[in-house]
Amino acid sequence: MNWPGSEELQVQLSEVESSPPPIKATRVEEILAVVQKHTKQYYKHIVLHIETFLKKTNPVHYLSGVYIINAIVKNPNFGPVYQKRFSINLENTLSNCFKCPPEHKSKMITTVQLWLDKNMFGLPDVEEKLVKILKANDPSFVEKRARHSLGTSPIKQEIKQEFSSEAEAVSPMEDRHIASPKKETIKTEQFEGSEVASDIQEIFSLYDQTITSLEFGDKEEREDKLERETRRGEGREKERGVTEGQEKKEKGERREEKKAENFVDRYVTGGPESEKVIVERKRRRKRGNGGGGGGGGGG
């Protein structure tokens with residue numbers, strides 16, 4: 001199982017085994033860095049390496065191994081590649097990992113339940129495998145699943161349809177709270193104190209998101225608009241900077257031209273006569289000072 005990144009990954013997994021569980025976030029990040037570095041050519045080797053680690057390691061580290069898989073398949077950069085690859089042996093891997101210490105079992109169930117709820121692996125046969133694993137290891141799974149199925153019950157679909165049609169009728173310019181009284185009536189009068197009250201909370205959230213979307217537009221559209229406005233602002237700032245720079249440059253050039261003209265007028269155009277004028281001024285000044293001194297002595 002030698003491949004260019006095998007030693008790097010093995011070092012990280014050895015550190016997992018030498019540390020008390022659960023695995024630290026910094027260790028997960030270091031493992032993800034190794035995975036990302038070698039994903040393009042060796043993703044199959046990485047999956048096999050981690051599966052082999054989970055077969056051979058002490059059961060106390062099974063939960064850490066599942067957390068590593070969870071971090072890899074959820075990663076937005078390379079997760080989809082590993083979702084498909086890990087799904088091949090996922091049932092065997094999880095069956096072995098559920099032999100973990102009893103105190104780790106609830107966290108293991110929570111992780112696998114999240115994969116099922118989020119449809120993490122995106123394949124029907126994998127969903128069936130996850131259901132099978134949870135049924136075998138979570139006594140309350142059937143009850144949870146029955147409650148979860150309320151999401152497709154006729155009453156919930158009716159509420160969802162009513163909210164959707166009402167949201168479509170609301171103008172983007174109208175107040176988003178226009179339908180709030182009806183929502184509160186449904187919540188307090190019809191379903192208060194029942195299990196359905198908590199289960200339809202998701203519908204209320206979807207309803208609010210729908211109204212928000214109508215009022216303010218799609219998130220991507222808002223981001224595109226903001227980006228366009230930012231670019232326009234940067235363009236205007238750039239033009240303003242160029243204009244100010246040109247003005248300063250022209251002002252400096254005019255100043256230098258004026259100095260040159262003064263120099264020419266004073267020392268070049270007049271020639272020796274200009275020098276005579278300067279000498280004459282000095283002589284007059286000196287004479288004036290001397291006359292003032294003599295007048296003072298006569299007094």
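The model is predicted. Helices α3 and α5 approach each other within 9 Å, axis to axis, and a search of the whole structure returns five aromatic pairs. Ring pairs join Tyr43, Phe78, Tyr82 and Phe86 into a cluster.

**Contact of α3 with α5**

- Two packed helices are described by the angle between their axes and the distance between the axes.
- Helix α3 spans residues 62-74 and helix α5 spans residues 90-97; their axes cross at roughly 145° and come within 9 Å.
- On the α3 side the contact involves Tyr62, Val66 and Ile69, which meet Thr93, Leu94, Asn96 and Cys97 of α5.
- Sorted by class, this contact of α3 with α5 holds five nonpolar residues, two polar residues and no charged ones.

**Aromatic pairs**

- A pair of aromatic rings is described by the distance of the centres and the angle of the planes.
- Among the five pairs found in the whole structure is that of Phe78 and Tyr82, which is edge-to-face because the planes stand at 80°, with ring centres 5.8 Å apart.
- Tyr82 also pairs with Phe86 in a tilted arrangement, with 6.3 Å from centre to centre and 35° between the planes.
- Tyr82 and Phe86 are both in helix α4 (residues 79-87), where they sit four residues apart, about one turn of the helix.

**Burial of the rings**

- Phe78 and Tyr82 are both buried.
- The relative accessible area of Tyr82 is 0%, so Tyr82 counts as buried.
- Phe86 has a relative accessible area of 2% and is therefore buried, the cut-off being under 20%.

Terms used:
Residues are numbered from 1 along each chain as its sequence is written. This is a predicted model: local features need pLDDT of at least 70, side-chain atom pairs count only at pLDDT 80 or more; totals for chains, interfaces and linings use all residues. Side-chain values use heavy atoms; hydrogens and water are left out. Axes are lines fitted to C-alpha atoms, for helices over the stretch in contact, and angles run from 0 to 180 degrees between N-to-C directions. Helices (H or I, at least four residues) and strands (E, at least two) are DSSP runs, numbered from the N terminus. Contact means heavy atoms within 4.5 Å. Ala, Val, Leu, Ile, Met, Phe, Trp, Tyr, Cys and Pro count as nonpolar, Asp, Glu, Lys and Arg as charged, and the others, Gly among them, as polar. Rings of Phe, Tyr and Trp (its six-membered ring) pair if their centres lie within 6.5 Å; planes under 30 degrees apart count as stacked, over 60 as edge-to-face and the rest as tilted. Buried means under 20% relative accessible area, exposed over 50%, partly exposed in between (1.4 Å probe, protein chains only).
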